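I opened this notebook to keep track of what I looked up. The entries follow the order of my reading.

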Amino acid sequence: MTSKRAAALAVALATTLTACGGGGAENKPGAPADGFNASLDKVFSPSDKKGGIIKLANSDDWDSLDPADTYYGFSWNFSRVYVRSLLMFKVAPGKASEELVPDLAESLGVPSDNGKTWTYKIRKGVKFEDGTEVTAKDVKYNVLRSLDREVFPNGPDYFKQFLDLPADYKGPYKSKGVNTDQAVETPDSHTIVFRLKAPFGGFDYLAHLPQTAPVPEAKDTGAKYKDHVISTGPYMFDKVEVGKRYTLKRNPNWDPATDPNRKALPDGYDIALKVNADDIDNRVLSGDLHLDITGTGVQPAKLASVLGAPDVKARADNPTTTRLWYTSVNPQVAPFDNIDCRKAVMYAVDRTGYQLAYGGEFSGGELATTVMAPAIPGYQKFDLYPAGPDSKGDLAKAKEHLAKCGKADGFEATMAFREGRPKEKATAESFQASLARVGIKLVLKGFPSGDYFSQFCGNPPFVRSNKIGLCVNGWAADWNDGFGHLSQIVDSRVIRDSGGSSNISVRIPEVDQLLDQAVGETDKAKREQLWAAIDKRVMEEAVIYPGLYSKALLLRGKGLTNVFVNEAYGMYDYLALGLA
C-alpha cells in the first residue's frame, strides 16, 4: 500500500468513525434496536421457518471440500452442513459456542488408561446420502486416510502426532493391509477406540475435526473424493463446478431424529467461487448475496459505505477473534537465514500500514506484538521489537541489524500473498513501502488461496527454489487454548516437504520440546506459563512478524434469520442460518 493510499484511507476511516460515534456498539438514533453488533452474543432474527436458497460467495476457492484435506476456518464452519464429525462446537451464540457437544457420537469421549485411550459410541441410524448406515469403520477409515499427506496435503497433523500408529504407517493407500488396531480400533460397528502414544486430556478437541467425519471406503476416490463427498449431514452436493460454483440440496437420507444440532432451515446453498472481493461486498449490500463465506470481513473500500449509513451499519457485526494476521519470515531463504536480517524486518515495518491494509483498528484489529492473541489463556503482553511512539518502525535499529547481517545497503527479497484477498495484497504493498525506507526491495507475488499452503507458501521446496522469504499469513486457533493456537504454526514437526503445513517458518527444536512439555503438564497455571514461553521464544528468533490481533466487520445479508457469531470460528455460524 503506498503512503498516499494509506493516508487517504486513514482520513476516510477517521471521518466515518467520527460520524458513527466512534464505531462503538451503541446504535445511532433511528437505527433498528437490534442492529449493529446484534449478532455478537445473541441470535439476530430467530426463526424456524424453512425454505429458500442461501447464496454465498468466495473471492477464491476452497483448499478442499474433502473432510480429510481442509484447514480453512470457513471450510470447517461450512463443512458441518454436509458431514458430521464425532463432536462439534455447540450451535449457539456467545461463549456457549466454545463448548464441545456430541454430533456423530452419542457423548463426549470416555477416557481410560490415564488419558491414553479414548472411546466413542456412534449414534445408530445415521446414514450416508446413498442410504447405507454409518459405522465406526467409516470414521476410522477417514482418520487414517487423512494421514496421507501426499494425497491430502492440507489438514492438521494432530492424529499423526498423537495416535500410537505402527512404525512408518502412511495411510490405507500406501500401507494397505497394515493392522492399525494399536492406534484406532472398532470393536463393534458403533464403537471406536483411539489409543495414544501419551496421555492427552484434550483429545475431545481432536474428535471435532472434520477428519473424524465418516468416509465409506467403497466410495473413496482418493484425491478426487473432493469432487463428490458422500454426505452425512442435512445437505448433499448437487453440482460441483470446480473453480466456479458449488450447489447443495437437501439430503433425503438425513434423519433429524439422529441429529440434535441441526435445524436444516434452507432448502439449499449456492456458492459462487472466484468472485472479486469488492463485488462480493457490493452484492451483499444490494441483497444479491447473503454472505461472504470466508468470514474475514468487508474490504476497506466498503467500510465508509457500511459504517456511514445507519441502516447499513445496523446489518453489521464487529467481533474480536482469536485470529492473528501475520507474516512468515523464512530462515531457509537467504538472507533471512541470518537472524539480524530478520530482525531488520521486525524493526523496519510500519505497523500502522499493516493495520490500514486491513481497514484500520475497527475492522482489521489491534496492533500485535506476540504470536498468541490476548483471548488465548496464557497470553502475556510483551514487545521485543518496539516500533517507536508512532508505531511506524524504528529505522535506526533496522539499519543497525542490516549492518550486522552484512547488508548495510539493504537487499532484494520476494514476498507472497493470496490472490483474491485485497487486504493481503495491501499488506504486501505496505511491507514493500516500509522496508524500502531501509533499502530492502521487495518483489510481490500473488498465488491462489486454494493451493497457497499445499503448492506455494506452505511447500518448502517451492519456497526455497523460488526464494520466497516472506509470506503473508493468517491463523485462527483450532480451539481456544495455547495448544490449539500454537501447535500447528510453531511446531517444526508439522512441516512437510510435500506441502500443506500452516507452519512456514518456525523450526526451533527448543519450541518443539516446550510444546511436548506443555501437553504433558497437568497444572493449568504452569501449562499456561509454557505457552507464553513458547510465544516469546518464537519471537526471539524473528521468524514471525505479528501484524494484528484480528477484528472483522461482518455484514449480514438481507433476509437472513438465526444469525449469530460462533466464537469457535470467529464468524457467523453457517449451520444455523435460515431465510425470512
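Which residues of the largest nonpolar core touch the most other members? I noted Phe-78, Leu-86, Tyr-120, Phe-194, Phe-431 and Val-538, in a core of 152 residues. A nonpolar core here is a set of buried Ala, Val, Leu, Ile, Met, Phe, Trp, Tyr and Cys residues joined through side-chain atoms within 4.5 Å. Buried stands for under 20% relative accessible area, exposed for over 50%, and partly exposed for what is in between, with a 1.4 Å probe and protein chains only. Helix α9 (residues 339-348) gives this core its largest share, 6 residues. Helices (H or I, at least four residues) and strands (E, at least two) are DSSP runs, numbered from the N terminus.

I wrote down how the model is to be read: it is predicted, local features need pLDDT of at least 70, side-chain atom pairs count only at pLDDT 80 or more, and totals for chains, interfaces and linings use all residues. Residues are numbered from 1 along each chain as its sequence is written, and side-chain values use heavy atoms, with hydrogens and water left out.

I then looked up Leu-86. Leaving aside neighbours within four places in sequence, its contacts (heavy atoms within 4.5 Å) include Tyr-120, Val-139, Phe-194 and Thr-212.

Next came helix α3 (residues 136-145). I found 9 of its 10 residues buried, so the helix is largely enclosed by the rest of the structure. Val-139 and Tyr-141 are among the buried ones, as are Asp-138, Lys-140 and Arg-145. The buried residues of α3 pack against α4 (158-162), β6 (184-188) and β7 (191-195). I also noted that α3 lies across β6 and β7 and runs at about 170° to β6; axes are lines fitted to C-alpha atoms, for helices over the stretch in contact, and angles run from 0 to 180 degrees between N-to-C directions.

I followed β6 and β7 into their sheet. It is open, with 4 strands in the order β4-β5-β7-β6 and antiparallel pairing; two strands pair if DSSP finds at least two bridges between them. β4 (110-112) and β6 are at the edges with a single partner strand each, so one side of each has no neighbour in the sheet. The twist averages 25° from one strand to the next. β4 is joined to β5 (residues 117-121) by 3 bridges, and Pro-111 has Trp-118 as its bridge partner in β5.
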